Amino acid sequence: MAAPLELSCWGGGWGLPSVHSESLVVMAYAKFSGAPLKVNVIDNTWKGSRGDVPVLTTEDNIVSQPAKILNFLRKQKYNADYELSAKQGADTLAYIALLEEKLLPAVLHTFWVESDNYFTVTKPWFASRIPFPLSLILPGRMSKGALNRILLTRGVPPLYHLREVEAQIYRDAKECLNLLSNRLGTSQFFFGDTPSTLDAYVFGYLAPLYKVRFPKVQLQEHLKQLFNLCRFCDDILNSYFRLSLAGISPAGPETVDANLQKLTQLVNKESNLIEKMDDNLRQSPQLPPRKLPTLKLTPAEEESNSIQRLSP
């Protein structure tokens, strides 16, 4: 009997099994390769670290990061690429590198850096799945981590300012989406009729961008004009995740949006309360430490105490 495979990942919404791109990559590859994963969705009772999600756990191994998890699954004979030629394998590596260099920075910016999207969608959604008071801290750290990752890869001369970086990453992302659309054409998947690693990566990066409802939709609008990429995401959701989605988001779009709005108000209210408490502490008058009064003994009492200290 094969060792059980458990995947810990962020949960879903908006018709997706997960709203986290890297979690989606692993979940899609497992579906394509037939790997029997047991999915553990992170919520506010989760006790482990959230920094390394997704995490694959077996009896003898703990593996994080999508590329390492997929390599581990291949070693367990769950291989979605066994029908690919050597050239197609090389193309897979090239397109994954393109996705990570050109598309991923814009996806991170859309979710974690764009102010309206972060405060109305991303922060409330993740905060609701993190226990208090960490729910007030971790989303901000994740946002800073995404910004640092963007600047690390794109913030080089001559792009010194964030506005210049933003303009460049969105130009690169739109160009990448156009290349993917041309490569896919009218095919069901990128290498014919069978999904592979490349399909898992493309789906993982595109599906959240396609489905999540953002107030700022610059890149989303461009994606929705590429109908074959939208059809690609819908086909994978319907063919591989239809049954699992039945229990993830039973509420309609209006209910989901209403709940998200309430969650946004609650998180913002808690954040404002903590900031107000900090301000009150800073503005409160700082009193000097009180000095305790010293008691003076009479000469007779001092003589009596000295005799008591000398007596055995």
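**A bent helix and its surroundings**

Guide: The chain exposes about 18,100 Å², and carbon and sulfur atoms supply 55% of that area. Such areas come from the Shrake-Rupley method with a 1.4 Å probe, and for residues only the protein chains shown count as cover. This is a predicted model, in which local features need pLDDT of at least 70 and side-chain atom pairs count only at pLDDT 80 or more, while totals for chains, interfaces and linings use all residues. Residues are numbered from 1 along each chain as its sequence is written, and side-chain values use heavy atoms, with hydrogens and water left out.

The chain holds eleven helices and four strands; these are DSSP runs numbered from the N terminus (helices H or I, at least four residues; strands E, at least two). Of its 312 residues, 41% count as buried, that is, under 20% relative accessible area, with exposed meaning over 50% and partly exposed in between (1.4 Å probe, protein chains only). Contact means heavy atoms within 4.5 Å. Among contacts between residues at least 6 apart in sequence, 74% join residues at least 24 apart.

The part to look at is α4, residues 115-127. This helix bends by about 30 degrees at V121, the bend being the angle between axes fitted to the seven residues ending there and the seven starting there.

A cis peptide bond joins F132 and P133, with omega about 5 degrees. Most residues other than glycine have a negative phi, and most peptide bonds are trans.

Two residues elsewhere have a positive phi without being glycine. One is W14, with phi near 55 degrees, in the loop between β1 (5-10) and α1 (21-33). The other is K77, at about 70 degrees, in the loop between α2 (66-75) and α3 (86-113). Are these residues buried or exposed? W14 counts as buried because its relative accessibility is 12%, whereas K77 counts as exposed because its relative accessibility is 75%.
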